[in-house]
Amino acid sequence: MFEALKKLKFGARVLLSRSGGTPETIDVNGRPTVLLHAGAGTPFVYLHSSLGEAAMWLPFFQTWAKKFRVLVPQHPGFCQSGGLDQIDTIEDMAFHYVELFDALGLEQVILGGVSVGGWIAAEFAVRWPERVKKLWISNAPGLWVEGAPLGDLFRIMQDRDKLRELLFYDPQSYMAKMIIKDQADEQQMLAAYQNMAALARLVWERPYDPKLAARLHRVRCPTLLLWGGDDRLVPPAYGEAYHQYLPHAEWKVIPKCGHLLMFERENEFVETISRFCAEP
């Protein structure tokens, strides 16, 4: 991972030389949606965070592609996908994805995501539980948790030190400084603002769904809740809240890890999800 990240430049999204993953643009009822995909077997859909890590094919996607048919779509309004004018809420995102899966002929998938991607996955699973073979949710908001406020990503976006503190367990680590560089060029900053503007459209007025908790009982498939033990943006209390309403779920915490566990503790992140998804 470190060798690959030496090629990485970051505004608030990931840019990495593609070593695999075929890009394709799918028209989803007027929303041009960029999709990266590789591998064969059971469809495995990764829904990205507001970081925009789906902008390029990352090493952990390639690892999963050795076992699954990995599909990494870019949300409308994020990265290179269009159609944000048709999307106002996380619920709209869920409907976007059922239409994408219909367009791709996907009857049932392994579905998961990180941060806002995990929230979208949860909203999808409560509406179309029969379409989800397995569900994994990582460091996701979406529920109201009393006494555990979300970190203010928008307020500190331009302060690189505070941003690293919010997203990483060790903000001074090589990985934190590799992902969030002190200096970003104009193109990278524009990409960052694009992603943050899209996120704000979805969550600014209410960063949770007041109906989601009461609907989670509809999720019957095997479920994994995976959290960074020191996530300051979406604290583990949110994972515990999901577990309260998904008592059948496996609950796992990766210690000494912040919000971006797919980078900070990549091996454990990938291995935990791979093991969960491979179980019969």
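**View 1. Strand E8 pairs with strand E9 in this predicted model.** Four bridges link E8 to E9 (residues 223-228), and the two strands run parallel.

View 2. To get from E7 to E8, the chain passes through helix H4 (residues 116-127), making a right-handed β-α-β crossover. Strand E8 (residues 132-138) is largely enclosed by the rest of the structure, because six of its seven residues are buried.

**View 3. Helix H5 carries a set of buried residues.** Along H5 (residues 160-167), the buried positions are Arg160, Leu163, Arg164, Leu166 and Leu167. These residues cover an arc of only 160 degrees around the axis, so they lie on the same side of H5. The spacing rule is a handy one to keep in mind: an α-helix has 3.6 residues a turn, so residues three or four places apart point the same way. Do look at the start of H5 too, where a side-chain oxygen of Asp159 comes to within 3.2 Å of the backbone nitrogen of Asp161.

**View 4. Gly41 sits in a loop between two strands.** The strands on either side of this loop are E4 (31-38) and E5 (43-47). With a relative accessibility of 55%, Gly41 counts as exposed.

Conventions. Residues numbered from 1 in each chain as written. Predicted model: local features only at pLDDT ≥ 70, side-chain atom pairs only at ≥ 80, totals over all residues. Heavy atoms only, no water. Buried < 20%, exposed > 50% of the residue type's maximum accessible area, 1.4 Å probe, protein only. Right-handed = clockwise from strand over helix to strand, strands pointing away. Pairing = 2+ DSSP bridges. Arc of directions from axis to C-beta. Polar contact = N/O pair within 3.5 Å; in protein donor to acceptor, adjacent residues only side chain to side chain.
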